[in-house]
Amino acid sequence: MHKLWASIYKEFLLLIRDLGGLTILFVMPIVLIVTITLIQDSSFKSISKSKIPLLIVDNDKGYISENIFEGIATQNTFDVILKESEEEARDLVFKGEFQLAIIIPENLSKDLELKINQNVDGVLSEFGFEEEEGTDAIVEITPKEVRLYFDPAIQYAFKESIKSGIDQMISKIETRSIYKAFQEQLSDEESQFSFDSESFISFKEIVPKLNDQEILPNSAQHNVPAWTLFAIFFIIVPLSINMVKEKSQGTFVRLRTHPVSYATVLGGKTIVFSMVCLLQFVFMLLIGVYLFPALGLPTLDVSEKIFLLFIVAFFAGLAAVGLGLLLGTIANSQEQAAPFGATFVVVLAAIGGVWVPVFMMPNFMQVLSNLSPMNWGLNAFYDVFLRNVGFLEILPELGLLLLFFLITTLISIVYNNKKNAV
Amino acid sequence: MIDIQQLSKKYKGADDFSVVDLDLKIEEGEIFGILGPNGAGKTTLISMLCSLIKPSSGSFTINNLNYANNKRELKQLIGIVPQEYSLYPSLTAYENLFYFGSMYGLKGKQLNDKIYEYLEKFGLSSFSNKKIEFFSGGMKRRINLIASILHQPKILFLDEPTVGVDVQSKNVIIDHLKELNQNGTTILYTSHHLNEAEHFCTRVAIIDNGSVLVKGEPKYLIESCENTHNLEEVFIAFTGKELRDYA
């Protein structure tokens with residue numbers, strides 16, 4: 001026991017005197033979590049509050065373009081700038097000076113009205129309504145195309161959401177035009193029945209409740225667990241470097257001549273670095289609860305979940321430490337440990353769903369993400385933070401994290417014993 | 001005390017054996033010097049005896065204990081002073097000694113007293129709270145030695161313990177090694193300093209290409225080898241004058 005205690009004390013001293021390592025462990029995650037949340041929050045605000053400049057070339061100048069302008073105005077997302085020619089708008093967007101342009105084709109209102117009237121006339125004649133004398137003969141109308149130009153640098157998700165919004169707006173205008181055409185054909189007087197063209201079906205989001213209060217997740221509750229986990233797993237870099245340094249300094253060779261087991265040596269590191277993970281977590285929570293509101297970001301709500309959150313952080317920390325021990329045991333130089341460790345954490349984060357939600361990944365990646373300890377940790381954090389579950393529900397994820405720690409540590413011990421077998 | 005029989009070592013990928021069928025007996029209380037040119041097999045031999053590397057063949061016993069069956073007991077019996085400074089640079093002298101002493105099972109007052117006793121003996125008591133990274137080469141050598149003797153080993157392996165240190169540090173180290181030997185520690189020592197070995201060792205073995213060329217008391221070797229007046233001349237007589245570069 002005294003050997004383990006001495007190992008813990010030594011690891012603690014090495015850690016607090018390693019400024020570079022401390023920076024990686026505490027400052028970098030704080031910078032990361034504040035920066036990412038600020039960016040994500042401001043991106044959200046820029047879409048919902050500030051306006052995106054939108055170029056429109058109105059070749060129609062009819063009621064449809066008026067409706068499009070109205071629709072855009074009610075969305076309160078875009079700042080419309082009119083341009084005269086499609087070429088000018090296209091050049092400005094493709095050069096990246098504007099993010100998107102909409103080209104409304106010539107005669108869109110007139111031709112849509114004509115097309116709808118033709119269709120409505122056709123339908124009504126099927127039901128025995130006689131066509132009025134002198135009605136125009138059916139003319140061929142070519143389908144119209146509203147052209148969209150996007151800055152090539154625009155991200156796919158943003159582009160798709162804009163396309164979907166414009167598509168919805170045009171569909172609504174088209175539907176209203178059909179209603180209007182029917183109304184005009186079926187009623188001659190103002191007082192007669194009119195179609196209610198407002199949407200009949202609407203949707204409402206039902207959110208979970210805690211103590212009769214709705215739990216509305218905010219960007220802090222999404223970001224803090226994800227990036228805390230990222231930071232916790234980044235511990236493998238300083239931990240593996242710590243172990244590689246012992247090899248290059250010769251202290252590891254000296255230790256091998258001492259009557260002490262490798263498990264005891266690793267035990268000291270596990271305890272110290274697990275405590276570091278918990279400290280990191282405390283810092284992250286404090287930032288979420290106290291710093292975020294001061295920066296105008298949503299406050300992290302940790303009420304009634306603090307105990308479970310610490311349990312998840314502890315087990316996630318154990319898994320991260322296990323991985324660090326394995327890397328430190330196998331690597332022979334800092335040049336091997338540092339880049340591999342950093343890259344591996346990024347890969348684990350990517351397949352674990354830190355950046356892109358797992359359900360949006362291709363099937364193969366979804367299967368792969370089940371193997372990422374970061375995915376288990378993230379799920380457990382989300383379960384506690386957002387789904388408001390109890391200890392029993394997160395037990396499977398905690399079990400996997402613990403198993404991962406045990407397996408990686410066991411491999412480290414076996415590998416070391418085999419490599420240094422005498 | 002140390003009985004080596006037909007011990008051989010060939011590293012993976014190497015063309016030749018580093019140690020070949022080596023037989024050697026070192027008695028209790030001896031200061032035994034293993035001398036040889038670069039690449040002769042000195043460090044490999046010590047590393048095998050300290051259980052840092054596995055022999056390819058042969059066997060050895062220390063204090064009648066076989067390593068395979070008595071790892072812990074043997075590790076408690078021996079101390080090794082490696083050629084490199086095997087210390088934590090960011091820890092102080094005291095912290096390094098506290099840690100390595102603890103790993104030998106020492107604790108509490110016993111450990112504390114030993115640390116301060118040796119720091120005093122080696123002239124380092126005023127530096128106990130200074131970090132090793134600020135120590136001179138000679139000071140690091142002395143701490144390197146103290147870290148290996150805190151537990152009063154029965155056998156001490158020293159791999160070039162005085163390399164790169166000034167005369168003053170060397171004298172302090174040698175004097176305390178002699179004192180340690182007088183208190184019952186058997187010493188197995190490698191060095192390139194043949195003059196030092198001549199006066200320090202009770203017996204030496206000159207090895208080359210992994211085999212023992214000659215062994216005996218320094219005085220006896222000098223007398224029995226024609227036209228030699230010191231151990232260095234004996235060494236040259238047995239190992240030749242050609243350069244021993246190896247990679």
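Trainee: Is A:Phe69 buried, exposed or partly exposed?

Mentor: The idea is to count neighbours: a residue is buried if 20 or more other C-beta atoms lie within 10 Å of its own, exposed if 12 or fewer, and partly exposed in between, with C-beta atoms placed from the backbone. A:Phe69 has 15 other C-beta atoms within 10 Å, so it is partly exposed. A:Phe69 lies in helix 3 of chain A. Helices (H or I, at least four residues) and strands (E, at least two) are DSSP runs, numbered from the N terminus. The C-alpha atoms of A:Phe69 and A:Val312 are separated by 50 Å, and these two are 243 residues apart along the chain.

Trainee: What should I know about the model and its labels?

Mentor: This is a predicted model, in which local features need pLDDT of at least 70 and side-chain atom pairs count only at pLDDT 80 or more, while totals for chains, interfaces and linings use all residues. Residues are numbered from 1 along each chain as its sequence is written, and chains are lettered from A and ligands numbered from 1 in the order in which they are written.

Trainee: How many helices and strands are there in chain A?

Mentor: Chain A has 15 helices and six strands. Of its 422 residues, 33% are buried.

Trainee: How do I read the packing of helix 3 and helix 5 of chain A?

Mentor: Two packed helices are described by the angle between their axes and the distance between the axes. Axes are lines fitted to C-alpha atoms, for helices over the stretch in contact, and angles run from 0 to 180 degrees between N-to-C directions. Angles under 35 degrees count as roughly parallel, over 145 as roughly antiparallel, 65 to 115 as roughly perpendicular and the rest as oblique. Here, helix 3 (residues 63-75) and helix 5 (residues 108-126) of chain A pack at about 110°, their axes 6 Å apart. That makes helix 3 of chain A roughly perpendicular to helix 5 of chain A.

Trainee: Which residues make that contact?

Mentor: Two residues are in contact if their C-beta atoms, placed from the backbone, lie within 7 Å. Helix 3 of chain A brings A:Tyr63, A:Ile64 and A:Ser65, and helix 5 of chain A brings A:Leu108, A:Ser109 and A:Leu112.

Trainee: What about helix 11 and helix 15 of chain A?

Mentor: Their axes come within 8 Å and cross at roughly 20°, helix 15 being residues 391-419. Helix 11 and helix 15 of chain A are therefore roughly parallel to each other. A crossing is left-handed if the near helix is turned anticlockwise from the far one by less than a right angle, and right-handed if clockwise. This one is left-handed.

Trainee: How do helix 3 and helix 5 of chain B pack?

Mentor: In chain B, helix 3 and helix 5 (residues 137-149) pack at an angle of about 25°, with axes 9 Å apart. Helix 3 and helix 5 of chain B are therefore roughly parallel to each other, and their crossing is right-handed. Among the residues in this contact are B:Leu97 and B:Phe100 of helix 3 of chain B and B:Ile143 of helix 5 of chain B.

Trainee: Which residues touch the most others in the largest nonpolar core?

Mentor: A nonpolar core is a set of buried Ala, Val, Leu, Ile, Met, Phe, Trp, Tyr and Cys residues joined through C-beta atoms within 7 Å. In soluble globular proteins, nonpolar side chains tend to be buried together. The largest core here has 142 residues, of which A:Phe233, A:Ile235 and B:Phe157 touch the most other members. Helix 11 (residues 306-330) of chain A gives the most to this core, with 14 residues. A second, separate core of 17 residues includes A:Val57 and A:Ile68.

Trainee: How many residues of chain B are in contact with chain A?

Mentor: On the chain B side there are 29, in contact with 21 residues of chain A. Helix 3 of chain B gives the most to the side of chain B that touches chain A, with six residues.

Trainee: Where is A:Lys61 found, and what is its phi?

Mentor: A:Lys61 is in the loop between strand 1 (52-58) and helix 3 of chain A. Its phi is positive, about 55°, although A:Lys61 is not a glycine. With 13 C-beta neighbours inside 10 Å, A:Lys61 counts as partly exposed.
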